[in-house]
Amino acid sequence: MTQQTSFRDIKKLSTYLDKQLSRTEQTRLENRLAEESELQEIYQDLRQARALLQKTPRKPLPRNFTLTPKMVGMRPPVPRSVPIFRLASITAAVLLFLSYTFNYLAPIASAPGLAAAPFLSQSGGGCGSENPADCGDVAMESVPFGIGGGSPETPTPEQLTAMPIAPSIMVTSTLESTPEAGMRTMQQPSPAANTISPDLPTIEPPPSEKSSSQAKPFLNSFQIGLVLMTIISGFIAILIRQIIIQRWRKRL
Amino acid sequence: MDEQFLILSAQKGDLDSFNDLVLVYQESLYNTAFRIMGDEELAADATQDAFISAFRNIGTFRGGSFKSWLLRTVTNACYDELRRQKRRPTTPLEPVTSEDEETESPNWLADPDISPEQKFEQSELEHAIQHCLDGLSPDYRSVVILADIQGLDYSEVSTSLRKPLGTIKSRLARARLRLRECLQDFWELLPIAFRLENESNQ
């Protein structure tokens, strides 16, 4: 490229080659091409290069580039009912859990004095030992009034009746479960306790409460309804979705 | 089928309509990608990526030349791949013959309709062109491929590459100038038929 043929000239030649110059510019360039041999030579080279490129052989396709639903991440359409059934199933499951938890915890929360009721029933009357004397001994140790210690503040039978017995039983069962407690029970027999134990009144739950706790079913009708709702609505949601997916695949 | 109808259907999510468009334009896109990348496997990957991207973004197509729009997606895919290669250069595995020798032209790509002589000439021409194209920077390469190999006009090239018309003209002139210089080295190796044709044109 000489000074006479600048890049501006080459750009014009390239544009002229594609017939994109304006009429006046085209006439002016054609006049120059007729006069300037160097410009003519460059023009011919550019024309040849372009012709060669246009003759470039087309590459055969290695494969088809059509798209599949998987490639573009397409998913089958979800009917409106599916999320509703799914939500119903989840809600029923959550309600079932909450209601079961509430039913289980409610007696414990509402009667702190009888918090040991489950323990009582589990340990067969609040004492692991067959010997009633053992039970009485430990019970006496934990009673806050110092029963059996020869204390002048020995409670009257009325006080004993009013006294919350559950904590003492709970402590009894807890102590019994440790070896130390067992040892203490064996090593420190308290005659005073033996003497006082016959005076202790027997505390028994009212008959109505006792029968209700024994006859209580595992799930009440409301909870059974929730279980059924969880299973059925979940099953329907899955079924609808499967049918839709199968239809969608067949269509493709 | 009407292209506009297919585009509208594809915009509504109809994959079958889009695949009809793919069948129309896949050769142009693959050849463009191949000339930019200079490798068949990479070109195939770039073409596939371009069509996937085009389907996902077809909602953004606002009319005009659909071919230009598709070519823009494929040139973008090629640029992305070239940038990735620059960061992590790899050595491509060449196909192997029955004698365990590497070959650039595997048997399954052979065209049974052309004679060995034509095949040789075609191979020489292609090699020369690809070598010279590879010597250009991607910006110049894509302009010359779209304008001279794909035959797009200036406005279509401008749309495809999102560059002003003046930039396209300048780049095309520079690219042709460099190709002219490069191809002169290969001139004697070019097919006789082609040389005779050019000489007669002069």
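In chain A of this predicted model, helix H1(A) passes helix H3(A) in a right-handed crossing, where right-handed denotes that the near helix is turned clockwise from the far one by less than a right angle, and left-handed that the turn is anticlockwise. Helices (H or I, at least four residues) and strands (E, at least two) are DSSP runs, numbered from the N terminus. H1 of chain A covers residues 7-17 and H3 of chain A residues 37-54; their axes come within 10 Å and cross at roughly 50°. Axes are lines fitted to C-alpha atoms, for helices over the stretch in contact, with angles from 0 to 180 degrees between N-to-C directions. H1(A) and H3(A) are therefore oblique to each other, given that angles under 35 degrees count as roughly parallel, over 145 as roughly antiparallel, 65 to 115 as roughly perpendicular and the rest as oblique.

H1(A) contributes A:Asp9, A:Ile10, A:Leu13, A:Ser14 and A:Leu17 to this contact, and H3(A) contributes A:Leu39, A:Ile42, A:Tyr43, A:Leu46, A:Arg47 and A:Arg50. Two residues are in contact if their C-beta atoms, placed from the backbone, lie within 7 Å. By class, the contact holds 7 nonpolar, 1 polar and 3 charged residues; Ala, Val, Leu, Ile, Met, Phe, Trp, Tyr, Cys and Pro count as nonpolar, Asp, Glu, Lys and Arg as charged, and the others, Gly among them, as polar.

Chain A has 12 helices and 0 strands. Of its 252 residues, 17% are buried, that is, with 20 or more other C-beta atoms within 10 Å of their own C-beta atom, placed from the backbone (exposed: 12 or fewer; partly exposed: in between). Among contacts in chain A between residues at least 6 apart in sequence, 79% join residues at least 24 apart.

The contact between the chains takes 33 residues from chain A and 40 residues from chain B. On the side of chain B that touches chain A, H2(B) supplies the largest share, 10 residues. That side comprises 22 nonpolar, 9 polar and 9 charged residues.

The largest nonpolar core has 56 residues, of which B:Leu29, B:Ala33, B:Met37, B:Ala46, B:Val74, B:Val143 and B:Val144 touch the most other members. Such a core is a set of buried Ala, Val, Leu, Ile, Met, Phe, Trp, Tyr and Cys residues joined through C-beta atoms within 7 Å. The largest share of this core, 10 residues, comes from H2(B). Not counting residues up to four places away in sequence, B:Leu29 touches B:Thr47, B:Ala50, B:Leu70, B:Leu71 and B:Val74.

Residues are numbered from 1 along each chain as its sequence is written, and chains are lettered from A and ligands numbered from 1 in the order in which they are written. In this predicted model, local features need pLDDT of at least 70 and side-chain atom pairs count only at pLDDT 80 or more, while totals for chains, interfaces and linings use all residues.
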